[in-house]
Amino acid sequence: MKIVSLLQSEHVIPNLEAKDKLEVLNKLVDTLRTKVGEQEFEAIRDAVLEREKIMSTGVGKGLAIPHGKAEGINDNYASFAILRDPIDYDAVDGQPVKLVFLLVGPQSSNNMHIKMLSRISRLMNNSDFRDRLTACETGDEIIEVFEEEEKVHFGG
């Protein structure tokens, strides 16, 4: 499964204004509201917030990859934001976060979830790619950059 197949322009926020981590997480989860029913939507929010309580998903280099597995959903969902102003996120390197990629999946698909997290991490580790993302002004531009980068790294 390709990362770009999970991203649609309504799930991508190119200039997100947020004052803290909780606001970022809630706004990213909110983009998924139309994809699932109300019960599943709340399960997604709970899963993401619970995972964040265990350990910060701020992985360094200005990036956070909040994620979770939720009961009652059958597919993987993603949203992505470039923050207007970087925020403190308790990242492992102590640096503020500017790029946030949210991934949620079914409780039962541990293997796919780990594979997608790995793929996201691999792409986002490239500083040139991160720079190209931050230069984007629209959700469609961001999706196009993801698509180009996935072709370079994973073919097709």
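Tutor: Let us begin with a term for burial: a residue is called buried under 20% relative accessible area, exposed over 50%, and partly exposed in between. Please keep in mind that this is a predicted model.

Student: Is Asp 90 buried or exposed?

Tutor: Asp 90 has 53% relative accessibility, and the cut-off for exposed is over 50%, so Asp 90 counts as exposed. Its place is in the loop between strands E5 and E6.

Student: How many helices and strands does the chain have, and in what order do they run?

Tutor: There are five helices and six strands. Starting at the N terminus, the order is β-α-α-β-β-β-β-β-α-α-α. The radius of gyration is 14 Å, close to the 15 Å that the globule rule gives for 156 residues, so the chain is as compact as a globular protein of that length. A box of roughly 40 × 35 × 25 Å, taken along the principal axes, holds the C-alpha atoms.

Student: What share of the residues is buried, and how do contacts relate to distance in sequence?

Tutor: Of the 156 residues, 48% count as buried. Among contacts between residues at least 6 apart in sequence, 68% join residues at least 24 apart. As for the surface, the chain exposes about 7,700 Å², and carbon and sulfur atoms supply 47% of that area.

Student: Which residues have the most contacts inside the largest nonpolar core?

Tutor: In soluble globular proteins, nonpolar side chains tend to be buried together. Here the largest nonpolar core has 26 residues, and those with the most contacts inside it are Leu 16, Val 24, Leu 28, Ile 44, Tyr 77, Leu 83 and Val 100. At least two residues of this core come from each of strand E1 (12-16), helix H1 (21-30), helix H2 (38-54), E5 and strand E6 (97-106). Apart from this core lies another, of 25 residues, including Ile 3, Val 4, Leu 7 and Phe 101.

Student: Which residues does Ile 44 contact, leaving aside neighbours within four places in sequence?

Tutor: With those neighbours left aside, Ile 44 is in contact with Val 29, Leu 32, Val 36, Ala 70, Ile 73, Tyr 77 and Val 104.

Student: Where is Asn 76 found?

Tutor: Asn 76 is in the loop between strand E4 (67-70) and strand E5 (77-87). Its relative accessibility is 10%, and the cut-off for buried is under 20%, so Asn 76 counts as buried. Beyond its neighbours within four places in sequence, the contacts of Asn 76 include Met 1, Leu 6, Val 104 and Met 112.

Student: Where is Val 145 found, and which residues does it touch beyond four places in sequence?

Tutor: Val 145 belongs to helix H5 (residues 139-154) and is buried, with a relative accessible area of 11%. Not counting residues up to four places away in sequence, Val 145 touches Phe 129, Arg 132, Leu 133 and Cys 136. The C-alpha atoms of Val 145 and Val 4 are separated by 9.3 Å, while these residues are 141 residues apart along the chain.

Conventions
Residues are numbered from 1 along each chain as its sequence is written. This is a predicted model: local features need pLDDT of at least 70, side-chain atom pairs count only at pLDDT 80 or more; totals for chains, interfaces and linings use all residues. Side-chain values use heavy atoms; hydrogens and water are left out. Helices (H or I, at least four residues) and strands (E, at least two) are DSSP runs, numbered from the N terminus. The radius of gyration is taken over C-alpha atoms; the globule rule is 2.2 Å times the number of residues to the power 0.38. Buried means under 20% relative accessible area, exposed over 50%, partly exposed in between (1.4 Å probe, protein chains only). Contact means heavy atoms within 4.5 Å. Accessible areas come from the Shrake-Rupley method with a 1.4 Å probe; for residues, only the protein chains shown count as cover. A nonpolar core is a set of buried Ala, Val, Leu, Ile, Met, Phe, Trp, Tyr and Cys residues joined through side-chain atoms within 4.5 Å.
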